[in-house]
Amino acid sequence: MESLARDHITPRLLLGLAGFVAGHNRILLCPDTDATASTGDYEDAPAAPVHLLLGTPSRGIAGGGPRRTHLVSWHLPDFADQVGRLAADTAFSGHAYLAELGDKVVRFGTDWLDRQNTRWMPVYEARPEVTVRRDHSSPAAWLRGKRILVLGAGALGAPVADMCARAGAAHLTVADHGLVHPGILARQPYTDADIGFFKARVLADRLNRIDPHATRVEALVGNVTTRLSALDLHTFDLIWDCTANHIVRAHLERTRRTDTAPWPHLATLMIGHHATRGIAAISPRGATGGGTDVLRRTALAAHADATRAFDDLIDDFFPTTTPTELFQPEPGCSDATFTGSAADVTALAGYVVSAQLQVEHLLVGL
């Protein structure tokens, strides 16, 4: 308090401000009580918490430059609620008697605080002027502040949506018509308590808790092709098609070809039969074709390559004969898409997404 007084923050001002804040906190705690309670009611209502935060220019930045404000905080005892509000009501009163009483309250409050042990509080902060995001130089930085649409909330779509939310996308829409079933828990990020609920809504609720001040996530439940017709797709910066569904791809292809306005970037992601390979078909903004067109051209180029360098790609994604291996999916799996663990799928999803975002960086520079 002596240090603050040198900067003209006197004990009177400090206690008065503490009292003002305590009164406001008390209203928030008990909104139904009378905000103009008299001094006689000070001991009746529960004490409001009072914390003092102080900004000190004690943190430097890498490479020198100006020092940044570092926040320190401590918790004042509950009695500060009563002393502070009494000081605010008397020390700043225009009545001579109350002002004289306020001087005594301030002296009493100052002596009382001087005898208290300091209860420091940890401060968790992420202010941009004193912190640097750990992903600021990674391909995922491209997603920050963007509007993203993720089609599918399954083994591939759910981790992709999670990556977008953690990267700081401003708005994220997750579209899926499926429910959570017991069989999908082996590799999709849902829990037993989610069974019977729509994947998109469960996922959106969870992702909204990551950084609610920076990212808003909404669910789009229902048939994807039908619901897409109700969206203005031009408002998005990027569309991820993680459905592995040829009907969805055909719908996107037809809609993109017949739409005269430029579309956002479209990335069609798929995983191979045994989750050992992934592929991303990227249609940049302004391209004439979508994911189906890119995959078709890729298949033709792979089959025409005389070096047979792409045989593994052909076997996984563009086989000439239908695989005869029988695979009975667990309950809740709509199609026998691929086998693989949560570790396999998550690792592949991260790798494919990172590679695709590197392309986005290149596209921005073109």
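Me: In which sense do strand β7 and strand β8 pair, and over how many bridges?
Reply: The structure is a predicted model, in which local features need pLDDT of at least 70, side-chain atom pairs count only at pLDDT 80 or more, and totals for chains, interfaces and linings use all residues. Residues are numbered from 1 along each chain as its sequence is written, and side-chain values use heavy atoms, with hydrogens and water left out. Helices (H or I, at least four residues) and strands (E, at least two) are DSSP runs numbered from the N terminus, and two strands pair if DSSP finds at least two bridges between them. Strand β7 covers residues 238-241 and strand β8 covers residues 265-271, and they pair in the parallel sense over four bridges.

Me: Which residue of β8 stands opposite Ile-239?
Reply: Strands of a sheet pair through backbone hydrogen bonds, either parallel or antiparallel. In β8, the residue that stands opposite Ile-239 is Leu-266.

Me: Which strands are the edge strands of the six-strand sheet?
Reply: Six strands form an open sheet with mixed pairing, in the order β6-β5-β4-β7-β8-β9. An edge strand pairs on one side only, and this applies to β6 (216-221) and β9 (278-283).

Me: At about what angle does helix α9 run to β9?
Reply: Helix α9, residues 291-304, lies across β8 and β9. Axes are lines fitted to C-alpha atoms, for helices over the stretch in contact (heavy atoms within 4.5 Å), and angles run from 0 to 180 degrees between N-to-C directions. On that basis the angle between α9 and β9 is about 120°.

Me: Is Gly-19 buried or exposed, and at what relative accessible area?
Reply: Gly-19 lies in helix α2 and, leaving aside its neighbours within four places in sequence, is in contact with Gly-84, Arg-85 and Ala-88. Its C-alpha atom is separated by 7.8 Å from that of Ala-80, which is 61 residues apart along the chain. Buried means under 20% relative accessible area, exposed over 50%, and partly exposed in between, judged with a 1.4 Å probe and protein chains only. Gly-19 is therefore buried, with a relative accessible area of 4%.

Me: Which elements are included in what covers the buried residues of helix α6?
Reply: Helix α6 spans residues 199-207, and its buried residues are Lys-199, Ala-200, Val-202, Leu-203, Ala-204 and Leu-207. The cover over these buried residues includes α5 (157-166), β5 (171-176) and β6.

Me: Are Arg-26 and Asp-81 buried or exposed?
Reply: Arg-26 forms a salt bridge with Asp-81, the closest N and O atoms being 2.3 Å apart. This pair links distant parts of the chain, with Arg-26 in helix α2 and Asp-81 in helix α3 (residues 79-90), 55 residues apart. As for accessibility, Arg-26 and Asp-81 are both buried.

Me: Which residue forms a salt bridge with Arg-308?
Reply: Arg-308 lies in the loop between α9 and α10 (311-317), and has a positive phi of about 60° although it is not a glycine. With a relative accessible area of 60%, Arg-308 is exposed. The closest N and O atoms of the salt bridge are 3.1 Å apart, and the partner of Arg-308 is Asp-311.

Me: What is the relative accessible area of Ala-275?
Reply: Ala-275 has its place in the loop between β8 and β9, and its phi is near 55°, a positive value in a residue other than glycine. Ala-275 is buried, with a relative accessible area of 6%.

Me: What percentage of the residues of the chain count as buried?
Reply: There are eleven helices and nine strands in the chain, and residues 24 or more positions apart account for 64% of its contacts with a separation of 6 or more. Of the 366 residues of the chain, the share that counts as buried is 37%.

Notes
A salt bridge is a side-chain nitrogen of Lys or Arg within 4 Å of a carboxyl oxygen of Asp or Glu.
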